[in-house]
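Please keep the structure in view while reading.

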Amino acid sequence: MEKLYWLDQIKLQDRAKVGDKAFHLSRIIQRGYPVVPGFVVPAEALRQFLENLNSSESLVADLPYSSLHLDVSNWRQLQQVAGRLREEILTATVPQEWVSKIFTAAREWQTSCLIFRPSLSVADSTQTMENISGLVESVFCHCQEDAIATALKRTWSQIFRARSLLYWRHTGINVQHINLGVLVQPVENTIASGLLKANSSGWEIEATWGLGIAIAQGEVLPDVYYIQNETATILEQHLGNKMLAYDVNDGSPTTFSQPLADSALTADKTCLITYVLQEAQQKQYALQPEYLQQIIALGTQLVAELGKTFTLKWTIASETPSSKLYLTQVTSPQSIIPHVYFIRGLPAAGGRTVANALVTMDSHHKPEHIPKGVILVVPTITPDWLPLLQNVAGIITEHGGLTSHAAILARELGIAAVVNATSATSLIQTGERLLLDGDRGEVYRIETETRDGEMGKWGDGEMGETTPIPPPAHHPTISSPHLPMIATKLLVNLSQSSLIEQVKSLPADGVGLLRSELMVLNILDGQHPNSWILGGRQAELLERWSLAIMEFARAFAPRPVFYRSLDWRSSDLPSLSDSLQSSPQSMLGERGTFSYLRNSSVFELELKALASVQQSGYSNIHLLLPFVRTVEEFVFCRRKVEQVLLTQVAEFELWMMAEVPSVLFLLPEYVKAGVAGISIGTNDLTQLLLGVDREQGQLAKVFNERHPAVMGAIAQLIHMSKSAGIPCSICGQAPALYPEIIDRLVEWGITSISVEPEAIERTYQAIGRAEQRLILAAARRELKEETSR
């Protein structure tokens, strides 16, 4: 077992490793919804465990490779085989390394009780494996190493129960094809728990005191609320019969407690207690009105994610200073009318949307207007498309990778997108109704209507709308509670002032990358800046530019805003004609600081705009130079900066992007020339180190920010910055696309990490975990040294 998979870091390609239940929860938590944290012991761990079973019985020895062709009609034989298989698993030893890894991760929650939830999927099958009630069950255990090992084996062994083997045979599922991940989560004392069952005719909410096990085992008759989902009106409510409740066994006295039977979802020594409720509490509703409204509001938000039919399991944790609503399970119905995607590309920006297609065959000639709420289908997108994208529901491009302009724009704007969808403009017709899944990188054709006027169900759930579903909110309002304190600064990448109000309240220490080239597209009226200057409108453009920057400086003050000066390739702006264009076929073009040497008029105007912002009293604005190739280019720019007196403000800092590989050799010289800090641009650094054009989606497997050469370069830049005494940030897409590298960035000593708004919260959590691991490792080393003295 190589690693554990944290819910907030699970990616599309991990689905078979973590199972359907964990995968669907990961999609929800990564959209910002309140889910109990957790990690998954991947399916590969069970396979490795079975391969290493030391048994003389041929049935057991061949278990990982056997299809178990049993005569299921012979009940006695089925029971005997199932009993032997489970006994072998339960008496075997789980590798201590695995147990320690799980225990170490679980201790971060500082809880005494854990739940191990089976999360299954079937290889090469469209069948979902979430709703298999009674077949495999959750296991509770103390947060102790021996209890963890036992709980893990109990969870694994359930797929070899007699009833499980019977089910696999009757459904035609080959045991070899079953992927069983184990989702591990903390269990805390709760006020109430229950379910929300949603469908097109209305909602039903069930609630009971304490943990939801009492409902699952049928030991209580829960309170029931019937909700009119369109208006969130409570139509009826009925008090249940709730005599007992479950809670975490923390050693405190209770009115009554008893051990749970083995069939009651627990390990031998349970960490739970059962207690009888006081008579007065039995006569009360378990849900206070405020919590009931929170559940209704949460369900309303999830309709856009899951469709009209789904089931939620929720719990209200007894936290201090206030309680908190969490989701513990999300289930959507299995497809009734199966939709098979007809186009597949790269999942560039998450979210799902249903809308009519608008196909544009020529990327170089933008339409004057794009109707609101359509899915735009186009060969490729350049930055000058930005003003037209504000109101689209989704984007599909034939070309481009995960760091292409289309992908970056879609992620910042919160628009679901699929890139590198081959022949999309040929296969899709304008007006055709599509379902675009930006999480999977898939596009489906949707029948206009099915029975009862609802659209068919698909994959994860039901998209029951017959009008376009608007894209999800850019940044969900539900935040993870009690964020830990972190030492590494977390910054945000921005370009659109329309997002400032949503973003400025996020746990960010400032703007690590203000993309000027996208920001100014909203003020240029379709003309290149050179055209404004040559046309004698420089003063008007300067005022617009200054006000645009000032919006960000004002909103985030006193937090820093790093303004990156223009970094345009001529081919990026085909609609903004300019006499200085280089070949549109060039991968690099005359970009970055080199273009300032060729014609400094626009750069000088940018510097005057920054100076104007400073003169308005904002000292939190800094300059980040893009794509610097040589020390001479930097010195040229520094002198221009000094001429407009930006450096007269003591707080001002002049940084440069570290994205051209020459910086690996020249950083000490840059520092001598006056560089105050660097920001690593992983997108360009990767394409230049590996020789791969990042706009070419067909090369996505080669364009890998985790490549040893790229990671080695990043480590070298961090170490060189520390030696030179300057800060080192990273603002490329790598930390957001691959959160697992954050551990290494923090370990190497990165000063700050800057990501897109949608990735802020999960990056914050990842940084917190990374720092906690470093602290724990240091404490262990110190303890070991003291012991050895």
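In this predicted model, the count of disulfides comes to one. A disulfide is a covalent bond between the sulfur atoms of two cysteines. Here the bond joins Cys 113 to Cys 271, with an S to S distance of 1.9 Å. The pair links distant parts of the chain, 158 residues apart: Cys 113 belongs to strand 3 (residues 113-122), whereas Cys 271 sits in the loop between strand 10 (244-248) and strand 11 (272-276). Both Cys 113 and Cys 271 are buried.

Cys 141 is itself buried, at a relative accessible area of 1%. Cys 728 is likewise buried, with a value of 2%.

The next topic is helix packing. Helix 6 (residues 96-107) packs with helix 7 (residues 145-157) at an angle of about 105°, and their axes are 9 Å apart. The two helices are therefore roughly perpendicular to each other. Helix 6 contributes Gln 96, Trp 98, Val 99, Ser 100, Ile 102 and Phe 103 to the contact, and helix 7 contributes Glu 145, Ile 148, Ala 149, Leu 152 and Trp 156. These contact residues comprise eight nonpolar, two polar and one charged.

Charged pairs form the last topic. Side chains of opposite charge can pair when their charged atoms come close. The count of salt bridges comes to 29. One of them is formed by Lys 242 and Asp 223, whose closest N and O atoms are 2.8 Å apart. Lys 242 lies in the loop between strand 9 (233-238) and strand 10, and Asp 223 lies in strand 8 (residues 223-228), so this pair ties together parts 19 residues apart in sequence. Lys 242 is buried, with a relative accessible area of 1%, and Asp 223 is buried at 0%.

Another salt bridge connects Arg 591 with Asp 684, the closest N and O atoms being 2.8 Å apart. Because Arg 591 lies in the loop between strand 26 (561-564) and helix 19 (593-598) and Asp 684 in helix 23 (residues 682-690), the pair ties together parts that are 93 residues apart in sequence. Arg 591 is buried at 5% relative accessibility, as is Asp 684 at 4%.

Arg 537 and Glu 540 also meet in a salt bridge, at 3.3 Å from N to O. Here Arg 537 is partly exposed at 28% relative accessibility, and Glu 540 is partly exposed at 33%. A network of salt bridges links Asp 525, Arg 537, Glu 540 and Arg 544.

Conventions. Residues numbered from 1 in each chain as written. Predicted model: local features only at pLDDT ≥ 70, side-chain atom pairs only at ≥ 80, totals over all residues. Heavy atoms only, no water. Disulfide = S-S within 2.5 Å. Helix = DSSP H or I, 4+ residues; strand = E, 2+ residues; numbered from the N terminus. Buried < 20%, exposed > 50% of the residue type's maximum accessible area, 1.4 Å probe, protein only. Axes fitted to C-alpha atoms, helices over the stretch in contact; angles between N-to-C directions. Parallel < 35°, antiparallel > 145°, perpendicular 65-115°, else oblique. Contact = heavy atoms within 4.5 Å. Nonpolar A, V, L, I, M, F, W, Y, C, P; charged D, E, K, R; others polar. Salt bridge = Lys/Arg side-chain N within 4 Å of Asp/Glu carboxyl O.
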